[in-house]
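Subject: the two-chain model

Hi,

Here is the structure I promised to pass on.

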Amino acid sequence: MSTKIRQKDKELSSWLIFILPALLVVILLQLYPLIYSLFLVFQDWKLTESPEPKGFIGLWNLINIFKNDVFRRSVVNSLIISGTAVFFELIIGLSLAYLFNKERRLNSIVRTLILLPMVIAPVAAGTLWRMMLNGRAGLVNHILSFINIHGPNWLADPQWSLVSVILLEIWQFTPFVMIISAAAITSIPKSLREAASIDGAGRLMTFKNVDLPLLAPTLALTMIFRVLESLLSLDSIYSLTFGGPGYSTYTLTFFIYNEGLRSFNFGQAAAASWLFMIFTSLCIVWVFRFQNKDK
Amino acid sequence: MELNKSKQHPSQMLITALYYILVVISAFVVLVPIIYLVMNSLKLPRDFLKVPPTFLPEVVTLKHYASLFTKAKTLKYFTNSLTVTSVTTFVTIILGSFAAYGLSRMKLSKHALGMVIFTFLFIRFYPKVTTIMPYFIIMRKLNLLDTVWAVILGHLGITIPFVTWLMLVVYNDLPYSIEEAALVDGATPIQRFLMIIFPMTAPSVASSAILASFMSWNEFLIASSITRRDATVLSIAVASFVSDKGIQWGQMAAMSLIMILPMLLFALVAQKYLVNGLTFGAVKG
């Protein structure tokens, strides 16, 4: 292998052609729209009032958004929904991963079944649970009545509708946590567990002292991924509650969507979404540091 | 371990019983809603208002499906979705794996590679709702509003960075020595990639393709911002039942099922690749 050929192979230009098309896509379809929306943050623009931006208005969009009650409520709702849902997803997902971890036929069938909710389009999962949770004629309250529980009017009640959104989220994305946890559990060296059991550690002790520290990095990453994805989700809320009743299930994403594409209040929507972006960027920086430290 | 099954200790039996109960509960929680959707799509409208509700339809009817395909343009929505998903997936795999291979062989400095990976993570997780207004404005200017091409472009912006990110890890793990032989033969980088590398990493390509196609088929946000009538895809059609006055449960159930059934079957067939792709992205990425 002559070093000359190798040297030539390392030349940037010959590889640039591989990257160029994808780079163009990223610039045109991500970078440009992102910069455009940043420009909108400082513009006075409602599409209903004028076809073009009406001009620079400084920080007024940001100031007005903080004064907006619906925005503040949406932020709180988003935090409640994502926090609660991801908490349960992690606990149930990890438990299911342990429960169905052993290689046996029934387990692999169950694992396949559990996967299914995750591949359902969120928008259809929303309509599906809209029918399940219907207060009068829904299946959930019917099943609850078997054990003598008078189910609430899920989607018509401000508090219960929030619970409904959380339940849907858990139903759909616990499988994701299960898959990731199962892979992480399998990668724990058997010798470590054996050593622990020789030392006389019970199952629970082994889990706490051997498994959990090894799983912690994966679980932390999964948690951040899920929180971010859950904050971004719009489709399931759109078809399950449409933010209602009232504003009780408005999430940040739903608020921005409504402000931008239904009220065509572009400036306000851009301001809200950039505030949202700052928060997610911080999370992404954290993920990134975390992954780099790992390597 | 299986040998002394008949002589199980009582506490062991309790655990076994508990295990089976949990199997049944898991299967129940997952399957009942899905089957309920199927049942609802076959019920007559009067059955929906029954209190207590019935799980099985009293009379099986196909009229919801019939009216979806005759009155509503469901066939068109379906073909739109199919076009968007297949074009998006195809282009994504080509451009994404090309870019990933290029990036992995450019011998970027650690710092530069870090920046690239950060960009991918950022694109995957920044709130997409930020860019839908610019998309709307761009597509209006390009005169692409309400065309499948606008939807495809919108999806490519998400799927290409995602697949590049996945494949980058794959190519980074591939030893350079494999290509050296071809290098001596004087094969160009493109020949080397197409003849040797791409076929070798086929399973990872399959995983990426599956994830990209799921993303595209299920996507709602971008599609809803740039389609009005002609380029309507299934996700929009499903959502449209929600804002309708007096929801038509039967049609809503049927439409939802039309949308999710292909992906459910696809997931069952290609489960291995789906799971690989998902764990890969989270555990290794």
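Between the two chains, 96 residues of chain A are in contact with 100 residues of chain B, where contact means heavy atoms within 4.5 Å. Chain A and chain B bury about 8800 Å² between them, and 79% of that is on carbon and sulfur atoms. Buried area here is the accessible area (1.4 Å probe) that two parts lose on being put together, summed over both. On the chain A side, Trp15(A), Phe18(A) and Met131(A) supply 9% of the area that chain A buries against chain B, more than any other three residues.

Before you go further: this is a predicted model, where local features need pLDDT of at least 70, side-chain atom pairs count only at pLDDT 80 or more, and totals for chains, interfaces and linings use all residues. Residues are numbered from 1 along each chain as its sequence is written, chains are lettered from A and ligands numbered from 1 in the order in which they are written, and side-chain values use heavy atoms, with hydrogens and water left out.

Back to the interface, on the polar side. There are 11 residue pairs in polar contact between chain A and chain B, both residues at pLDDT 80 or more. A polar contact is a pair of N or O atoms within 3.5 Å; within protein, one must be able to donate a hydrogen and the other to accept it, and residues adjacent in sequence count only if both atoms are side-chain atoms. The rule finds 1 salt bridge across this interface, with a salt bridge being a side-chain nitrogen of Lys or Arg within 4 Å of a carboxyl oxygen of Asp or Glu. Helix 2 of chain A gives the largest share of the side of chain A that touches chain B, namely 17 residues. (Helices, H or I with at least four residues, and strands, E with at least two, are DSSP runs numbered from the N terminus.)

Now the salt bridges in general. Which residues are linked in a network of salt bridges? They are Glu89(A), Glu169(A), Arg226(A), Glu229(A) and Arg124(B). Going through the pairs:

- Glu89(A) and Arg226(A) form a salt bridge, with their closest N and O atoms 2.9 Å apart. This pair links distant parts of the chain, from helix 4 (residues 69-99) of chain A to helix 10 (residues 203-232) of chain A, 137 residues apart. Both Glu89(A) and Arg226(A) are buried, meaning under 20% relative accessible area, with exposed being over 50% and partly exposed in between (1.4 Å probe, protein chains only).
- Arg226(A) also forms a salt bridge with Glu169(A), at 3.1 Å between the closest N and O atoms. Glu169(A) sits in helix 8 (residues 158-186) of chain A, 57 residues apart from Arg226(A). Glu169(A) is buried too, like Arg226(A).
- Glu229(A) and Arg124(B) meet in a salt bridge at 3.5 Å, N to O. This pair crosses between chains, from helix 10 of chain A to helix 5 (residues 110-125) of chain B. Glu229(A) is partly exposed, because its relative accessible area is 29%.

Arg105(B) is in helix 4 (residues 74-105) of chain B. Buried or exposed? Arg105(B) has 4% relative accessibility, so it counts as buried. Its side chain makes a polar contact of 3.2 Å with that of Ser104(B). Not counting residues up to four places away in sequence, Arg105(B) touches Trp15(A), Tyr171(B), Leu174(B), Tyr176(B) and Glu179(B).

Phe254(A) lies in helix 12 (residues 252-262) of chain A, and at 0% relative accessibility it counts as buried. Leaving aside neighbours within four places in sequence, its contacts include Leu234(A), Ile237(A) and Phe242(A). Tyr238(A) is 16 residues apart from Phe254(A) in sequence and 7.6 Å apart in space, C-alpha to C-alpha.

Last, the loop between helix 6 (129-141) and helix 7 (148-173) of chain B, where you'll find Asn143(B). Phi of Asn143(B) is near 60°, a positive value in a residue other than glycine. Asp146(B), in the loop between helix 6 and helix 7 of chain B, has a positive phi of about 65° although it is not a glycine. Asn143(B) counts as exposed at 68% relative accessibility, whereas Asp146(B) is buried at 15%.

Cheers
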